[in-house]
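User: I have a protein model open and would like to go through it piece by piece. Could we discuss it together?
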Amino acid sequence: MKKVLLIGNANSVWIREYIKNIHLPMGNKVFLTLYEPLADNYKYDYESMNVTFIKLYKGKGLIDKINKTLALGLFLPRRIKALGIDLIDIQSPPHNLQGMVLGFMLKKSQTHSLLNFWGSDILCIGDQEAKYLKPVIENSNIINLGTEKLQEKFHSLFAHEFDQKIASMIFGSLGFEKIDEQYNKYGENAREMAKTIIGVTLDKVSILVGYNGKPSQNHLKIIDALGRLPQAVRDKLELIIHIGYGGSESYKKDVENALKSIDTSYIIIDKMLDLEQIATLRLATDIIIHGQDSDALSSSVRESIYAGAVLLNASWLRYQEFDNLNINYVTFSHFEEIGIYIQDVLSGQIKIDTQHNREMLRATFTWESVFEKWKEAILG
């Protein structure tokens, strides 16, 4: 059993599930940073896991940001020593001044540390932001880069200077358990029930376009490509756009206007979903089109495939991890190709073994399947 200081966003479902599925089974005692008030729906979960909070905020605005940064560098090292912390577990390190402060904190505390990159925290940055990250990287003992894409980007920024520290653990997929629960509850009617709950017309093929409201999901390009399909094909489709987070109101309006212009049924889900609702959305999806600018290994995509959806994936997002497992999916190199592939899937010219995909993902991306690698890294 270790005393672990976990530095991250306590209001993130990823943090909550990571503690529940990785640290708790090891018997670790977790101290978790609070950068803002804790959401009500998380309080019971953390209490049941016996998590102790270390509050770093006092108010709002610029002064509070300064206080948080100072607390990381000056207050935390003393608390780490007083609490007898064995491991500092940093989730999604910031590429700003706080990254440099965290590096100072690690150096001062002299405590074993694990640095976990999530994807957007490194895939989207350049050399200038990397300078803020370097101190925390230099003073970490283990640098976790869970996918080949993350490792490639890391090497493009820092060459091979820190190769001896690099590990490769991934998070389990959040929705798998809830998807299984719905399969067990409704059996062969699970997909029909999910579509009914989401509001999908049962005799239409549902297509999920992206999985958040950010322009980098390229909704407009994908919608335009689908709008070029013959009307007879479009009449068979119902598009689902989930814009629960990211994106401005003006961009959301642009997406809605684009949907209206192509004369195709659509559903817009403009709210955050809990895990059960996410599982329902995945089960209600027949096809997912994934054409965002960059990605490490999307949990949303994994969940959709696990629930039985056919993936149309941009070539620039090709996942080596999927290829290694012989996951069946369709690759498009240009947005103009989407319509062709949609028609081929609908006509049966392209056949996807969704059951094989589900079995491979269950064996590789559940929390149970990834646990041992985490255990080895954390407990040594």
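User: Which helix is Asp254 found in?
Analyst: In this predicted model, Asp254 belongs to helix H12, which covers residues 249-261.
User: Is Asp254 buried, partly exposed or exposed, and why?
Analyst: Asp254 counts as partly exposed, because its relative accessibility is 40% and that class lies between the 20% and 50% cut-offs.
User: How far apart are Asp254 and His219, in sequence and in space?
Analyst: They are 35 residues apart in sequence, and their C-alpha atoms are 9.6 Å apart in space.
User: Now salt bridges. How many are there?
Analyst: The structure holds 15 salt bridges. One of them joins Glu17 and Lys20, with 3.2 Å between the closest N and O atoms.
User: Where do Glu17 and Lys20 sit relative to each other?
Analyst: Both are in helix H1 (residues 13-23), and because they are three residues apart there, about one helical turn separates them. In general, an α-helix has 3.6 residues a turn, so residues three or four places apart point the same way.
User: What about Arg191 and Asp286?
Analyst: Their side chains also meet in a salt bridge, at 3.4 Å from N to O. This pair links distant parts of the chain, 95 residues apart: Arg191 is in helix H9 (residues 190-198), whereas Asp286 is in the loop between helix H13 (275-283) and strand S11. Arg191 is partly exposed, with a relative accessible area of 22%. Asp286 counts as buried at 17%, because buried means under 20%.
User: And Asp224 with Arg228?
Analyst: These side chains form a salt bridge as well, at 3.1 Å from N to O. Asp224 is partly exposed, with a relative accessible area of 39%, and Arg228 counts as exposed at 63% relative accessibility.
User: Which residues do shared partners join into one network?
Analyst: Salt bridges with shared partners join Arg16, Glu17, Lys20 and Asp45 into one network.
User: Changing topic: which residues form the nonpolar patch on the surface?
Analyst: Ile66, Leu70, Leu74 and Phe104 form the patch, and together they have about 360 Å² of accessible area. Helix H3 (residues 62-83) gives the most to the patch, with three residues.
User: Where does Phe104 lie?
Analyst: Phe104 lies in helix H4, residues 97-109. Phe104 counts as partly exposed, at 42% relative accessibility.
User: Which residues are buried in helix H16?
Analyst: In H16 (residues 338-347), Ile338, Gly339, Ile342, Asp344 and Val345 are buried.
User: What covers them?
Analyst: The cover includes helix H10 (219-227) and the strands S8 (205-209), S11 (287-290), S12 (310-314) and S13 (330-332). Just after H16, Gly348 takes a positive phi of about 90°.
User: Last topic, the whole protein. How many helices and strands does it have?
Analyst: The protein has 18 helices and 13 strands. Buried residues make up 54% of its 380 residues.
User: What is its radius of gyration, and why is that value reasonable for a compact globule?
Analyst: The radius of gyration is 22 Å, which agrees with the value near 21 Å that a compact globule of 380 residues would have. The C-alpha atoms fill a box of roughly 70 × 45 × 40 Å along the principal axes.
User: How much accessible surface is there?
Analyst: The accessible surface comes to about 17,200 Å², and 50% of it belongs to carbon and sulfur atoms.

Methods
Residues numbered from 1 in each chain as written. Predicted model: local features only at pLDDT ≥ 70, side-chain atom pairs only at ≥ 80, totals over all residues. Heavy atoms only, no water. Patch = residues over 30% accessible without salt bridge, like charges linked within 9 Å, V, L, I, M, F, W, Y side chains within 5 Å. Areas by Shrake-Rupley, 256 points an atom, 1.4 Å probe, with all protein chains shown as cover. Salt bridge = Lys/Arg side-chain N within 4 Å of Asp/Glu carboxyl O. Helix = DSSP H or I, 4+ residues; strand = E, 2+ residues; numbered from the N terminus. Buried < 20%, exposed > 50% of the residue type's maximum accessible area, 1.4 Å probe, protein only. Contact = heavy atoms within 4.5 Å. Rg over C-alpha atoms; globule rule 2.2 N^0.38 Å.
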